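Please examine the sequence and the structure shown below. A short report follows.

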Amino acid sequence: MADVRVKICGLKTPDDVAVAAEAGAAYGGFVFFPKSPRHLEIAEARALTQGAPVGLAKVALVVDADDALLDALCAAVPLDMLQLHGRETPERVSEVRARYGLPVMKAVGVGGTADLQALDRYSAVADQILVDAKPPKGADLPGGNGLAFDWRLLAGRRWTRPWMLAGGLTPEVVGQAVELTGARQVDVSSGVEAARGVKDHGLIRAFVEAAQAAPVPRL
Ligand SMILES: O=C(O)c1ccccc1N[C@@H]1O[C@H](COP(=O)(O)O)[C@@H](O)[C@H]1O
C-alpha cells in the first residue's frame, strides 16, 4: 500500500524545512499572506527554498494574489506548485496555470453539503484540489485556523484530480481522517505548531509517521 503523502505548511526556518524533508514529507508549504503568522517575505522564501532538499516539493500558498505578486514570487523562488487559498474563480485558476506553467492546487472550504459542488467545479480546472475547513465568518485567515470539518461529508466523493485533505489535522487525528475519507494526501499547519506560526519539530515527525501509518481504505 502506498504511503499517504504529507504536506507540512507554514515552514519558516531552515530547520523546519530540513525536519519536514527528513521526516518524509512530500511537500513543504511557504505562506505569502501578510495577515498570517507564517507569512514570509520573498527574499526569505528564496533563501529557504534554495536550501531545500530536492525531494521536497515547494508549494507557495497565496490568497487572491495579483499578477504582480505572482510574477515576483515565481521569478525569485524556485517553486514546484502554487496553492491558491482565496476566492479565486475557476477562470483565475486557469489563467494562473497558463501564465506561470506551474501546477495549481485550489483550496476549497467545506462547511456543509452546499460547498461540495465547488469541489467538482475546481477539479475541472486545477491540477489538484485542497479540501479544507471553511473559515469562521470574520476570520482573519481563510485557512490555517486549526479547524476541522465533518469528514463524513466526503464519504463516497471522488474527483478526477488528485486531492488533499486539510483543516485541523493533528498527529492524533490524521489516521482517523484518512480512514474516513480515503485521502491519500494530507496537509497540516496549526497541528504541528508549539505556538501560532512556530513549528514544533517533534510534532512534524509524529504527524508524518501517523499519516504514513494510516490504513488508506480502498473506496
Ligand atoms: O497557514 C496559514 O497561515 C494560512 C493562511 C492563509 C490561508 C491558508 C493557510 N493555511 C492552510 O490552511 C489549511 C489548514 O491549516 P490548519 O492545519 O488547519 O492550520 C492548510 O491547507 C494550510 O496550508
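## Report on the predicted model

Asp 3 is partly exposed, with 14 other C-beta atoms within 10 Å (buried means 20 or more such atoms, exposed 12 or fewer, and partly exposed in between, with C-beta atoms placed from the backbone). Asp 3 lies in the segment before strand E1 (5-9). Its C-alpha atom is separated by 8.9 Å from that of Pro 215, 212 residues apart along the chain.

This is a predicted model, in which local features need pLDDT of at least 70 and side-chain atom pairs count only at pLDDT 80 or more, while totals for chains, interfaces and linings use all residues. Residues are numbered from 1 along each chain as its sequence is written.

Of the 28 residues around the ligand, Cys 9, Ser 36, Gly 143, Gly 144 and Ser 190 come nearest (near means a C-beta atom, placed from the backbone, within 6 Å). Strand E2 (27-32), strand E6 (128-133) and strand E8 (185-188) each give two or more residues to this shell; strands are DSSP runs of E, at least two residues, and helices runs of H or I, at least four, numbered from the N terminus.

Helices H6 and H7 pack against each other as follows.

| Item | Value |
|---|---|
| Helix H6 | residues 174-181 |
| Helix H7 | residues 201-213 |
| Angle, H6 and H7 | about 30° |
| Axis separation, H6 and H7 | 8 Å |

H6 is therefore roughly parallel to H7 (angles under 35 degrees). Axes are lines fitted to C-alpha atoms over the stretch in contact, and angles run from 0 to 180 degrees between N-to-C directions.

How values were computed:
Angles under 35 degrees count as roughly parallel, over 145 as roughly antiparallel, 65 to 115 as roughly perpendicular and the rest as oblique.
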